[in-house]
Amino acid sequence: MLHYLYGHDLHQHPELAAAMFRDRADQFHTRLGWDVTIDEQGFERDQYDDLDPLYVIWENADGGHGGSMRFLPTTGPVMVNDVFGHMLGGGPVVSPLIWECTRFCLARNAPSSVAAALMLGGGEIMTNFGIRHFVGVFDARMVRIYRAIGSSPEVLGGEGEGRERISVGLWEFSPEARARVAARAGIPAELSRLWFDRSFGTPPPREMALTA
């Protein structure tokens, strides 16, 4: 199932949160060889985890971490502007209607349906928070995954060639894309909405969401 947790609420699911940060270390440091910081607990964390982001986390049937993503509004500090701004020919991305999505992580041996479930969770955030787009940085390996899920971004810029290419993308979530992603995830729309409502109680008012 999907959990929607702000950073200050991760203590409510300590084992799931710890597994998320360890799987991030495994994916980004061990498997991909990125220059990321691993702490004494084996967690991969950065300064954006200290900004109380919203996490979407897939919990496996056994209670383990299957995959996760991190979201922050572009009205504050975000990686796409602070680190990858040189790829944006039109200047920084700053809008209450655009949030950044980063740290798309899949646990080892996670089925492809988990990636689709995470994207569906992102769609729930977009729909219920009144957000029009997500922006994020992705590497070449993710192109195939996004295409398979049925939610490919508009590419705003990039650098590098072949497997080393890094790009900045902009996602929207049309009803057609939602249907494709839900089918890929094997999750009925009613169940997806139920998980969202369990996390937030009721959909957040639009004016609150845009300043969260």
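Aspartate 26 has its place in helix α1 (residues 14-31), helices being DSSP runs of H or I with at least four residues, and strands runs of E with at least two, numbered from the N terminus. This is a predicted model, in which local features need pLDDT of at least 70 and side-chain atom pairs count only at pLDDT 80 or more, while totals for chains, interfaces and linings use all residues. Residues are numbered from 1 along each chain as its sequence is written, and side-chain values use heavy atoms, with hydrogens and water left out. Aspartate 26 counts as buried because its relative accessibility is 16%, where buried means under 20% relative accessible area, exposed over 50% and partly exposed in between (1.4 Å probe, protein chains only). Leaving aside neighbours within four places in sequence, aspartate 26 is in contact with Arg31 and Arg108, contact meaning heavy atoms within 4.5 Å.

Helix α3 (residues 112-129) and helix α5 (residues 175-185) have axes that come within 8 Å and cross at roughly 145°; axes are lines fitted to C-alpha atoms, for helices over the stretch in contact, and angles run from 0 to 180 degrees between N-to-C directions. Among the residues making this contact are Ala116, Leu120 and Gly123 of α3 and Arg178, Val181 and Ala182 of α5. The contact residues divide into 7 nonpolar, 4 polar and 3 charged, with Ala, Val, Leu, Ile, Met, Phe, Trp, Tyr, Cys and Pro counted as nonpolar, Asp, Glu, Lys and Arg as charged, and the others, Gly among them, as polar.
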